[in-house]
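Q: Before going through the assignments one by one, could you set each computed value against the criterion that it has to meet?

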Amino acid sequence: MATVEVPQEKKAESTIPAPTQSTPKTITLRISRFNPSENAETKFEEFKIPVQKWTTVLEAILYVKQNLDHSIAVRYSCRQASCGSCGMKINGKPRLACYTKISELESNVVTVEPMNNFPIIRDLAVDFKQLFSTHKKMKPFIVNEESEVLPGTKEFVQTPQDLEKFLQFSYCIKCGLCNSACPTMATDKSFVGPQGLAQAYRYTVDNRDQGKKERLKIVDQSHGIWRCHFAGSCSNVCPKGVDPAMAIQLLRGYLLGFRT
Amino acid sequence: MRESIIMKIHYGTALGAVALVAVHILMRLSQKFSDSLQYQNVIANYHFLPYALMLEVILVLLSVHGFNGLRVILLELKQGATYERAINYGSIVAMAALVAYGSRTILMAGMGHS
Amino acid sequence: MTEQFSNREGIKGMINPTRYGLHRVAYWMQRLSGLGLLAYLIGHIYETSTILNGKAAWNNMLSLTETPGGHMVLVLVIGMCVFHTGNGIRLMISEGGKGVGKPGQPEYPYRASSLNSKQRLCIWVSIALAALAMMYGAGVLFGD
C-alpha cells in the first residue's frame, strides 16, 4: 500500500518586513471657518492634534470635530476616495481629505480650506449645484434611438478596445477638484469646466452613443471647450486618474477636424 | 460666428504670421541691423511692392491673432451679456483701427508721401 | 452672489504659476508673452508710422528706440516671440488631440498621460530656444 508522506508543517519565515513603529507627533491643523449666516469673514482656527504616519487629513478633521470643536462643517462619506465628497484645499492645493495622508504633506502645519471656485455653504462644505448642472447639460447618458430593451432588438456590441476609449473617463467621482484647480474657472463663472467637458467626451466616444453632434454643439460656445488652454492643472489634481485635460483635447480634435 | 471657427482663424493667423514674421526678421538681418533701419533703406523696403504686401499681410494676421487673444483673456476675466458684447465688438474695432493705421503707413510710404 | 460667497480664486489664482507643475507655468508664460507681443505690435506700428513725417522725425524716433534700453526691450520681445511660437505650436497640435496620450486603464499612482514627458520636453525646448534667440538677438543688437 502506497503511503503518502505528509510534510511536516514548517514555521514559515516571513519575507515581509515587520511594520515599523510609528511615533505619534503633534501637528497644527488650521481650519478655515466661514458661516455666512453669522458673519461674512473667513477666519482660521488652529488645533494641535496628535497624528500617526497613516493619519489622513479627514481623520484629523474628524478628530477635531469629535474632541475639540463639534461645530466644524465638513462633507464626507466613504473615506476611501470613491464618493468624491471630501474635496478641499489642503496646503494650497485641491485634494481629497480622505486620500491625503498628513505625513505626505511633509509639514507640521496643515491648512484646510474650502475648494476654490465653488460657493461656500459653511466652513469646508461647498455647493456643487453648478458642477451638477453643467454635468447634466453635457447629456451624460447614451443617446441612441434604438433601445436595448425593446423586444426584437439585441445588445449593442462593444469590444474591449471600444471600452478602453472611454473607461478612464467614466471613473470620474465628481469630486470637483479639477474645477477647483482650473485657471479659467478661477475667473470665468460661465465656463463649463474640465469635469463637464471630460464627461462630454466620455459619452461622445462611446460607440453605443449617437449624441456626438448635439454635445459638440453644446461645448462649441463662447464659454465652452475653447476656454480650456491646456494648463493641465485638472489632470494634475485628479485623484482617480481620469485625466480631464486629455479628454478635452481629444474632444476638441473633433471640432478642429483632426478626428471624425 | 461659432467659437470653433474663430479659433480656427486664431490658429491659422498664428501659423501664417510665424512664417511671414520670420521673413521680415531675416530681411532686417540681411544687412547690419542699424543700417537696415536707416531712413532710405526703410523707404526702399516700402517701395518694394512684394515686401510692402507682405507687411500688410503680417499686419492683418497679427492684429486678428493679437486682438482675438486679448478678447479671449478679457472674456475669461469677467462675464455678463453687455460686457461680453462690448469686448467682442471692441476687439473688432481695435483690430480694424490698428490695421487701418498700419496700412496708412504702408500705403503712404509706398507711394512716396514721406 | 458676492465674490467671497462664490469663492472664486480670481486673477490672483489664475496668474499663480506655482502648485500645478510645468504645464501651468507654460500657460502663464503663453498669456504673458501674448500680451507683451500685442503691446509691442501696437508700439511698433506707431513707431514705424513716424516715417511719414520725414527723415528728421524718423531719426528722432530712432534716437529713442536705438538705445541700450530699447535694445533690451527688443531682446525681451525676441524671447517672448520665440517662446510664444514654440509653445503655441505645441498647443495647436495638442488641442487637436495629438500627443496627449491614449486613453487606457488608469493605474495607481495615476500619472496623467496628457502631461507626458514629450509635452514637458516641448515646453523646455521652447524655453531653451527663446533663451538662445535672446542671446543671438543681444549679440546682433549690442554688437553693432
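Q: How many residues of chain C are in contact with chain A, and how many of chain A with chain C?
A: In this predicted model, 34 residues of chain C are in contact with 42 residues of chain A, where contact requires C-beta atoms within 7 Å. On the side of chain C that touches chain A, α1 (3-6), α2 (10-15), α3 and α5 (68-95) of chain C each supply at least two residues, and the largest share, four residues, comes from α2(C).

Q: Why is Asp123(A) called buried?
A: Asp123(A) has 23 other C-beta atoms within 10 Å, and a residue is buried if 20 or more lie within that distance, so Asp123(A) is classed as buried. Asp123(A) lies in the loop between β6 (120-122) and β7 (125-126) of chain A.

Q: What makes the phi of Asp123(A) worth a remark?
A: Asp123(A) has a positive phi of about 45° although it is not a glycine. Most residues other than glycine have a negative phi.

Q: Why does Phe230(A) count as buried?
A: Phe230(A) has 24 C-beta neighbours inside 10 Å, and the cut-off for a buried residue is 20 or more, so Phe230(A) is placed in the buried class. Phe230(A), in the loop between α7 (212-219) and α8 (233-237) of chain A, has a positive phi of about 55° although it is not a glycine.

Q: Why does Ile73(B) count as partly exposed?
A: Ile73(B), which is found in helix α4 of chain B, has 17 C-beta neighbours inside 10 Å. Buried would need 20 or more and exposed 12 or fewer, so with 17 neighbours Ile73(B) falls in between and is called partly exposed. Ile73(B) and Asp35(B) are 38 residues apart in sequence and 38 Å apart in space, C-alpha to C-alpha.

Q: How do you know that the largest nonpolar core lies between domain 1 and domain 2 of chain A?
A: This core has 76 residues, of which Leu197(A) and Leu251(A) touch the most other members, and helix α9 (residues 244-256) of chain A gives the largest share, eight residues. Domain 1 (25-126) and domain 2 (129-256) of chain A both give residues to the core, so the core lies between them.

Q: Which residues does Leu197(A) touch, not counting residues up to four places away in sequence?
A: Leu197(A) touches Val192(A), Val219(A), Ile225(A), Cys228(A), Pro244(A), Ala247(A), Ile248(A) and Leu251(A) when residues up to four places away in sequence are not counted. A second, separate core of 31 residues includes Phe67(B), Leu38(C), Val77(C) and Val82(C).

Q: What makes β2 and β4 of chain A edge strands?
A: Five strands of chain A form an open sheet with mixed pairing, in the order β2-β1-β5-β3-β4. Because β2 (43-51) and β4 (93-96) of chain A each have a single partner strand, one side of each is left without a neighbour in the sheet.

Q: How do you know that β3 and β4 of chain A are paired strands?
A: Strand β3 (residues 87-90) of chain A is joined to β4(A) by four bridges, and pairing requires at least two, so the two strands count as paired. They run antiparallel, and Met88(A) stands opposite Arg95(A) in β4(A).

Q: How do you know that the span of helix α5 of chain B is close to the one expected?
A: Helix α5 (residues 81-110) of chain B has 30 residues and reaches 43 Å from its first C-alpha to its last, which is close to the 44 Å expected at 1.5 Å a residue. Among the buried residues of α5(B) are Ser91(B), Met95(B) and Leu98(B), and what covers the buried residues of this helix includes α3 (39-47) and α4 (49-77) of chain B together with α3 (22-49) of chain C.

Q: What makes the bond between Tyr108(C) and Pro109(C) stand out?
A: A cis peptide bond with an omega of about 10° joins Tyr108(C) and Pro109(C). Most peptide bonds are trans. Pro109(C) lies in the loop between α5 and α6 (117-143) of chain C.

How values were computed:
Residues are numbered from 1 along each chain as its sequence is written. Chains are lettered from A and ligands numbered from 1 in the order in which they are written. This is a predicted model: local features need pLDDT of at least 70, side-chain atom pairs count only at pLDDT 80 or more; totals for chains, interfaces and linings use all residues. A nonpolar core is a set of buried Ala, Val, Leu, Ile, Met, Phe, Trp, Tyr and Cys residues joined through C-beta atoms within 7 Å. Domain bounds come from an automatic or database domain assignment. Two residues are in contact if their C-beta atoms, placed from the backbone, lie within 7 Å. The expected span of a helix is 1.5 Å times one less than its number of residues.
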